[in-house]
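Open the model in a viewer and keep the sequence panel beside it. The tour below goes from one selection to the next and says what is found at each stop.

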Amino acid sequence: MVDDHEDTNRAMSRLLGGLGYDVRTADSVAAALSAAEQGSFDLLISDIGLPDGSGLELMKQLRARNGGRVKGIALSGFGMEEDVQRSREAGFREHLTKADQLAEAPARQLRRLTLDA
């Protein structure tokens, strides 16, 4: 879970943890890249606007490092069609405007993970 807003990061982490997911958090592109080097993960959930870059760039870098095998959900305050398109082009499978359907999206993506394997 990557979001630079501390309260949002904490709330989303608690929500996902309460649903049974093991959640690691980061507040920047650099922190997320560092966390990814420390261990594997099944799904990236990232805000698009981060203090040292964008979630779009983060996803592109992680996919380049992992042969395109990173699954992701983009979180954004922007939901215009062009915003969604940019997220998809970066490699995100879903684009949510912040908490829209967040409780359902990780389960959907992780089910797909087993189908893609």
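Helices (H or I, at least four residues) and strands (E, at least two) are DSSP runs, numbered from the N terminus.

The model is predicted: local features need pLDDT of at least 70, side-chain atom pairs count only at pLDDT 80 or more, and totals for chains, interfaces and linings use all residues. Residues are numbered from 1 along each chain as its sequence is written, and side-chain values use heavy atoms, with hydrogens and water left out.

Now show the axes of the two helices. α3 and α4 pack at an angle of about 20°, and their axes are 8 Å apart. That angle makes α3 roughly parallel to α4, a label for angles under 35 degrees, with over 145 counted as roughly antiparallel, 65 to 115 as roughly perpendicular and the rest as oblique. Axes are lines fitted to C-alpha atoms, for helices over the stretch in contact, and angles run from 0 to 180 degrees between N-to-C directions. The crossing of α3 and α4 is right-handed; a crossing is right-handed if the near helix is turned clockwise from the far one by less than a right angle, and left-handed if anticlockwise.

Stay on α4 and select residues 81-90. Which residues of α4 are buried? They are Asp83, Val84, Ser87 and Ala90. Buried means under 20% relative accessible area, exposed over 50%, and partly exposed in between (1.4 Å probe, protein chains only). Seen down the axis of α4, the buried residues fall within an arc of 125°, so they line one face of the helix. The arc is that of the directions from the helix axis to the C-beta atoms. Turn to the other side of α4 to find Glu81 and Glu89, which are exposed. The buried residues of α4 pack against α3 (55-65), β4 (72-76) and β5 (94-97). Step past the end of the helix to Gly91, which follows α4 and has a positive phi, near 120°.

Next, go to Glu94 in strand β5. Is Glu94 buried or exposed? Glu94 is buried, with a relative accessible area of 11%. Leaving out residues up to four places away in sequence, Glu94 touches Gly72, Ile73, Ala74, Arg88, Ala105, Arg108 and Gln109.

From Glu94, move to one of these contacts, Ala105. Ala105 lies in helix α5 (residues 105-116) and is buried, at 0% relative accessible area. Apart from neighbours within four places in sequence, Ala105 is in contact with Ile73, Glu94 and Leu96. Draw a C-alpha to C-alpha distance from Ala105 to Gly72: they are 33 residues apart in sequence and 9.7 Å apart in space.

α2 and α3 pack at an angle of about 20°, with their axes 10 Å apart. α2 is therefore roughly parallel to α3. α2 passes α3 in a right-handed crossing. To see the contact, select Val29, Ala32, Leu33, Ala36 and Glu37 in α2, which meet Leu58, Gln61, Leu62 and Arg65 in α3. This contact has six nonpolar, one polar and two charged residues.

Within α2, colour Val29, Ala32 and Leu33, which are buried. Viewed down the axis of α2, its buried residues fall within an arc of 100°, so they line one face of the helix. Among what covers them are β2 (49-50), β3 (53-54) and α3. Ala31 and Val2 are 29 residues apart in sequence, with C-alpha atoms 8.7 Å apart in space.

Finally, show the whole protein chain. It has five helices and five strands, in the order α-α-β-β-β-α-β-α-β-α along the sequence. Buried residues make up 38% of its 117 residues.

Key: Contact means heavy atoms within 4.5 Å. Ala, Val, Leu, Ile, Met, Phe, Trp, Tyr, Cys and Pro count as nonpolar, Asp, Glu, Lys and Arg as charged, and the others, Gly among them, as polar.
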